Amino acid sequence: MAKVGVIGAGFVGATAAYAMMLNGTCSEIVLIDRDEARAKAEAADIAHGAPLAKGVRAYAGDYPDLKGAALVVIAAGSNQKPGESRLNLLARNAAILASIVPQIVEVAPDAVVLLVSNPVDIMTSIARALHPTPSLVMGSGTILDSARFRQLIGERAGVNARYVHSYVMGEHGDSSVMCWSSALIAGMPVATFMRERKIPWDDKIMDAIAYDVRNAALSIIAGKHATYYGIGIAVNSLADAIINDRHAVYTASGGCAFDDVCLSLPRLIGRKGILETLMPPLNKDESVALSHSAQVLYDAQEGVLKDGKLVCL
């Protein structure tokens, strides 16, 4: 089994570590946070449950403890301050990554680096610019968006969401693209399945599902002030695919044909992170929307990245 490092012991990082412990995804988890007391407390809380689960060893540590790690999850980052511009926020987060990534590379140069912090696509681009082997860097991207998409379609269809196959591509954000043209239930296009079961289905219902996917996090935050269970499970799924070389397919964020932009496409995930990028057939509207999503990201990171290099430090 393998060691996993989690940098950032807040709600997301700690929940991801908890999910990995429950599932026995790795043999060892080290939590690192600039708030050492928080990291120690979260690690102890997780470790106390380990004997009743899979016996995974969990502890707090520092960057030298990442030596030998197969995967390092970065869940650290700064939140936007009142009145702060997006560019200033990105510059601050770039500075945070500039202090984290070289320390990872120094002790675990072959580890896959998984970005979870938002805005995850741009954070992934920044981390790739800082890493000597950019191919080892990936982001959680729209893996959770895709899960939400499947769940909402499944609810409407009366089918367990595990048997719905559909993708959300592009930005993990407002410009995300619902790939309706390739969405399937039991091997049938969703519209065909709904018609066969005489379930109402039209553009208005599809638009409502897309709206709920894009606004799911805001809805949860309104009720409990943060989201962490869903992304914690998503991180565990990616960790399992990486550590156990599953050759699983998830919509992770990584490099693409669009200049200097990381966004989510279906990716074959294994021991070295993203092994291959897959492109399902898209209709014209989806292709246009994906190009628009890439442009949104390009515009958002302007002033931070240029030609794959950081310009804000």
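In these legends, contact means heavy atoms within 4.5 Å. The model is predicted: local features need pLDDT of at least 70, side-chain atom pairs count only at pLDDT 80 or more, and totals for chains, interfaces and linings use all residues. Residues are numbered from 1 along each chain as its sequence is written, and side-chain values use heavy atoms, with hydrogens and water left out.

Figure 1. Beyond residues up to four places away in sequence, R150 touches A161, R162, V164 and S166. R150 belongs to helix α5, residues 143-157 (helices, H or I of at least four residues, and strands, E of at least two, are DSSP runs numbered from the N terminus). With 27% relative accessibility, R150 is partly exposed (buried means under 20% relative accessible area, exposed over 50%, partly exposed in between, for a 1.4 Å probe and protein chains only).

**Figure 2. R150 and H165 as an annotated pair.** An unreviewed UniProt entry lists R150 and H165 under "binding site" (positions follow the numbering used here, feature names are shortened, and annotations may be inferred rather than shown by experiment).

**Figure 3. H165 in strand β7 and its sheet.** H165 lies in strand β7, residues 164-165, and is partly exposed at a relative accessible area of 47%. An open antiparallel sheet is formed by three strands in the order β7-β10-β11. Strands β7 and β11 (188-189) are at the edges with a single partner strand each, so one side of each has no neighbour in the sheet. Two bridges join β7 to β10 (residues 184-185) in the antiparallel sense (strands pair if DSSP finds at least two bridges between them). L184 in β10 is the bridge partner of H165.

Figure 4. V120 is in helix α4, residues 120-130, and is buried at 1% relative accessibility. D121, likewise in helix α4, is buried with a relative accessible area of 2%. Outside four places in sequence, the contacts of V120 are L115, G139, S140, G141 and H172, while those of D121 include G141, H172 and C262.
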